[in-house]
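I opened the model today and kept notes on what I looked up. The entries follow in the order I made them.

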Amino acid sequence: MKISGKQLAVILLNDLKQKVLKLKQKNVIPHLSVILVGDNPDSIAYIRQKQKAVDFVGGQLKLYHLKVSTTESEVEKLLNNLSFDPKVHAIILQRPTPKHINSTKLCLIIPSVKDVDGFGDKSPYTAPISIAVMKVLKEIYYFYKNKQKSPKEDFPEKLINWLQTRNILIIGRGQTAGSPIAKMFDEHTILHTVVHSKTKNINNLYKQADIIISCTGKANSVRPEQIKPGAIIIGVG
């Protein structure tokens with residue numbers, strides 16, 4: 001059985017569109033600033049999707065596309081300017097950045113209320129990729145397994161209880177997917193195992209997993225012969 005992430009996204013975007021409409025009635029237009037250093041094709045593709053989503057819901061997105069030669073201090077200056085701009089509601093420093101740019105340090109400059117990627121320790125937001133994974137799992141549990149309508153809460157108790165009984169495997173430990181997803185599971189005391197390219201006996205772990213979340217961004221990271229019947233596979237990236 002294949003579950004379409006795109007169909008779930010449409011439901012979420014329509015919900016956001018209604019929320020933005022209410023904000024516009026109060027003369028507030030959500031504004032997202034995105035900083036991209038260099039020309040990483042994957043990053044450009046991700047930003048293109050961000051732009052489409054922002055256009056659909058009725059917000060504003062401004063892209064600051066900087067040359068790969070841009071210094072860390074120049075990025076820091078831009079982040080400070082955006083942080084103090086009251087018209088900017090959200091800021092994203094697109095990762096990965098070039099090696100001479102310390103994205104972890106620079107993201108600490110972003111005020112917590114504008115850190116919508118949720119990478120900062122004090123950010124009030126859960127990383128969007130983590131919520132997306134949880135929403136897919138919620139749809140699987142309520143609709144496909146129990147033929148029920150999913151509740152509005154992001155982390156309903158029944159879903160958490162179910163996940164706590166599953167053998168969950170996360171493939172990849174990157175800052176933009178694997179790590180925030182693992183952090184979310186930790187916060188809800190959901191046991192899981194994180195594996196990567198150097199993990200030993202990885203095929204045995206694949207075979208034992210009830211839920212596999214692949215965060216490598218590469219095709220064929222998980223193959224049919226590696227998984228047990230009935231396993232849930234979620235591809236991220």
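**Entry 1: G174**

I began with G174, which counts as partly exposed because its relative accessibility is 37%. For this I used the following cut-offs: buried is under 20% relative accessible area, exposed is over 50%, and partly exposed is in between, with a 1.4 Å probe and protein chains only. I found G174 in the loop between strand 4 (168-171) and helix 7 (178-187). Helices (H or I, at least four residues) and strands (E, at least two) are DSSP runs, numbered from the N terminus. Leaving aside neighbours within four places in sequence, G174 is in contact with S179 and P180. Contact here means heavy atoms within 4.5 Å. I also checked G174 against T216: they are 42 residues apart along the chain, and their C-alpha atoms are separated by 8.2 Å.

**Entry 2: where the numbers come from**

I noted that this is a predicted model, in which local features need pLDDT of at least 70 and side-chain atom pairs count only at pLDDT 80 or more, while totals for chains, interfaces and linings use all residues. Residues are numbered from 1 along each chain as its sequence is written, and side-chain values use heavy atoms, with hydrogens and water left out.

**Entry 3: the whole chain**

I listed eight helices and seven strands in the protein chain. The C-alpha atoms fill a box of roughly 50 × 45 × 30 Å, taken along the principal axes. Of the 237 residues, 37% are buried. Among contacts between residues at least 6 apart in sequence, 62% join residues at least 24 apart.

**Entry 4: helix 7**

Which residues of helix 7 are buried? I wrote down G178, P180, I181, A182, M184 and F185. The cover over these buried residues includes helix 5 (128-145), strand 4, strand 5 (193-195) and strand 6 (211-214). A general point belongs here: an α-helix has 3.6 residues a turn, so residues three or four places apart point the same way.

**Entry 5: backbone angles**

Helix 7 is followed by T189, which has a positive phi near 50 degrees. T189 lies in the loop between helix 7 and strand 5, and it counts as exposed because its relative accessibility is 57%. K147 is another residue other than glycine with a positive phi, near 55 degrees. I placed K147 in the loop between helix 5 and helix 6 (157-163), and at 62% relative accessibility K147 is exposed. I also noted a cis peptide bond between R95 and P96, with omega about 0 degrees. P96 sits in the loop between strand 3 (90-93) and helix 4.

**Entry 6: cysteines**

How many disulfides are there? The count is zero, where a disulfide is a pair of cysteine sulfur atoms within 2.5 Å. The sulfur of C107 has its closest cysteine sulfur in C215, and at 18 Å this is too far for a bond. C107 is buried, at 6% relative accessibility. C215 is buried as well, with a relative accessible area of 14%.

**Entry 7: D121**

Last, I looked up D121, in the loop between helix 4 (103-107) and helix 5. D121 counts as exposed because its relative accessibility is 70%.
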